[in-house]
Amino acid sequence: MNKLNIGLVGYGFMARAHSNAYLSVNQFFDLKYRPVLKGVAARDAAKVEKFAHKWGYESHYTDWRHLIADPEIDIIDIASPNDTHSEIAVTAAQAGKTILCEKPLARNLKEAQAMVDAVKKAGVRTMVWYNYRRIPAVTLAKKMIESGKLGRIYHYRAKFLQDWTISPDVPQGGTGWRLDVNAAGSGVTGDLLAHCIDTAIWLNGGIDSVSAMTETFVKERKHNLTGKMEKVGIDDASAFLARFHNGSLATFEATRYARGHKALYTLEINGEHGSIAWDLHDLHRLQWFDHKDEGTLRGWRSIHVTDGDHPYMANWWVPGLAIGYEHSFIHAIADFLNSIDGKEPAQPTFEEAMKTEHVVDAVLRSAAAGRWERVG
Ligand SMILES: NC(=O)c1ccc[n+]([C@@H]2O[C@H](COP(=O)([O-])OP(=O)(O)OC[C@H]3O[C@@H](n4cnc5c(N)ncnc54)[C@H](O)[C@@H]3O)[C@@H](O)[C@H]2O)c1
């Protein structure tokens with residue numbers, strides 16, 4: 001089996017999700033390639049060493065440049081905050097590395113475009129970890145739409161609701177990088193809505209125009225790095241209307257102020273012949289209403305997406321047994337490794353992920369200007 005040496009940047013939430021995927025993927029999928037946990041880089045020497053030992057990385061560094069300089073590293077995996085993505089990706093591309101990068105691609109369009117230009121110039125393979133595409137129920141929704149089961153699509157509705165920043169005592173910066181506009185680029189628009197937008201583009205095609213509103217409910221927060229109260233520059237909540245190329249209308253909403261909700265990503269699609277709905281809190285189920293059913297028996301079905309003929313599920317347990325969130329990352333890396341010898345790249349590549357960046361940019365422009373904006 002061909003080994004691919006991974007150089008991971010970061011040891012946080014996503015670094016754990018990716019490391020788990022690398023360790024599991026060959027146990028459950030028959031692949032020609034095997035990821036090897038070669039090196040990990042993050043700034044705190046003691047913490048990165050502990051992480052390397054825990055997960056089995058052969059080496060650890062406090063500077064990601066050492067990972068990129070290591071000729072044995074094949075793949076640079078960027079699992080660090082958004083402000084680091086562009087510089088790491090451009091440097092890795094120049095060194096000819098394959099690059100896997102967490103979403104969003106970058107803090108803004110300019111940084112994201114620099115990444116796309118660099119990987120195009122270098123001719124290196126890329127993928128962005130928009131993992132929700134690889135939840136079997138969501139992949140099943142894609143297959144149903146492609147097969148024409150829903151007919152013409154009229155409506156797309158997506159929400160991503162959390163409640164963890166309601167307290168004004170939650171600090172920004174450092175480990176609270178998501179609340180610091182300099183590190184994150186934007187708030188829930190680039191963080192949560194980026195997921196909803198990527199899934200929406202994948203399922204329902206491109207978005208033409210948007211009309212958005214954003215709000216920052218807590219205007220000042222203590223900054224972890226300066227110790228001072230500082231202005232909050234991110235959007236705490238973001239909602240927008242959208243028109244898709246296919247003529248369908250959409251609503252999107254994300255917030256970290258929906259008391260009671262921790263990570264409620266929901267989507268619903270209404271078509272001419274039927275509707276589908278999905279909910280991250282019940283991720284192995286796909287709700288399906290088929291208008292072609294016999295009239296008196298019509299109703300919403302709840303498909304338990306765990307059978308051997310459901311997407312990805314033949315690789316797991318016996319029918320009826322569910323898998324979870326972490327498996328979406330295992331599926332992503334399985335698809336990526338499978339794509340290496342194929343004609344089609346695993347999606348989304350950096351170039352494909354730019355579509356989401358353009359929508360995020362249009363949402364932020366629209367909210368600032370208070371008018372409809374075209375997606376660039
Ligand atoms: N696909 C998903 O569902 C998903 C979920 C969460 C986060 N993310 C994305 O993953 C990325 C990381 O988020 P997270 O939740 O893992 O964050 P985190 O705060 O848990 O971890 C970030 C890690 O990056 C390290 N880091 C920070 N600056 C660095 C630098 N200059 N060099 C090297 N390491 C550095 C930190 O020490 C930490 O280990 C973000 O881009 C985020 O948007 C994606």
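**Exercise 1. Which strand does T255 lie in? Work out its surroundings too.**

Step 1. Start with the ground rules: the model is predicted, so local features need pLDDT of at least 70, side-chain atom pairs count only at pLDDT 80 or more, and totals for chains, interfaces and linings use all residues. Residues are numbered from 1 along each chain as its sequence is written, and side-chain values use heavy atoms, with hydrogens and water left out.

Step 2. Find T255 in strand β12 (residues 249-255). Strands (E, at least two residues) and helices (H or I, at least four) are DSSP runs, numbered from the N terminus.

Step 3. Check the burial. T255 has 7% relative accessibility, so it counts as buried. The cut-offs are under 20% relative accessible area for buried, over 50% for exposed, and partly exposed in between (1.4 Å probe, protein chains only).

Step 4. List the contacts (heavy atoms within 4.5 Å). Leaving out residues up to four places away in sequence, T255 touches F160, L161, Q162, V188, L192, D236 and A237.

**Exercise 2. Describe the overall build of the protein chain.**

Step 1. Count the elements: you get ten helices and 17 strands.

Step 2. Look at the dimensions. Along the principal axes, the C-alpha atoms fill a box of roughly 65 × 50 × 40 Å. A compact globule of 376 residues would have a radius of gyration near 21 Å, and the chain's 21 Å agrees with that. Here the radius is taken over C-alpha atoms, and the globule rule is 2.2 Å times the number of residues to the power 0.38.

Step 3. Turn to burial and contacts. Of the 376 residues, 54% count as buried. Among contacts with a separation of 6 or more, 68% come from residues 24 or more positions apart.

**Exercise 3. Which residues touch the most other members of the largest nonpolar core?**

Step 1. Recall what a core is: buried Ala, Val, Leu, Ile, Met, Phe, Trp, Tyr and Cys residues joined through side-chain atoms within 4.5 Å.

Step 2. Pick them out of the 74 members: Y156, I207, F240, F252, W278 and F350. Helix α8 (residues 188-204) gives this core its largest share, nine residues.

Step 3. Zoom in on W278. Setting aside neighbours within four places in sequence, its contacts are Y132, I135, A137, V138, Y265, T266, L267, L283, R285 and L286.

**Exercise 4. Why is helix α6 largely enclosed by the rest of the structure?**

Step 1. Go through residues 136-146. Nine of these eleven are buried, so α6 is largely enclosed.

Step 2. Name the buried ones: P136, A137, V138, T139, L140, A141, K142, M144 and I145.

Step 3. Step just past the helix, where G148 takes a positive phi of about 85 degrees.
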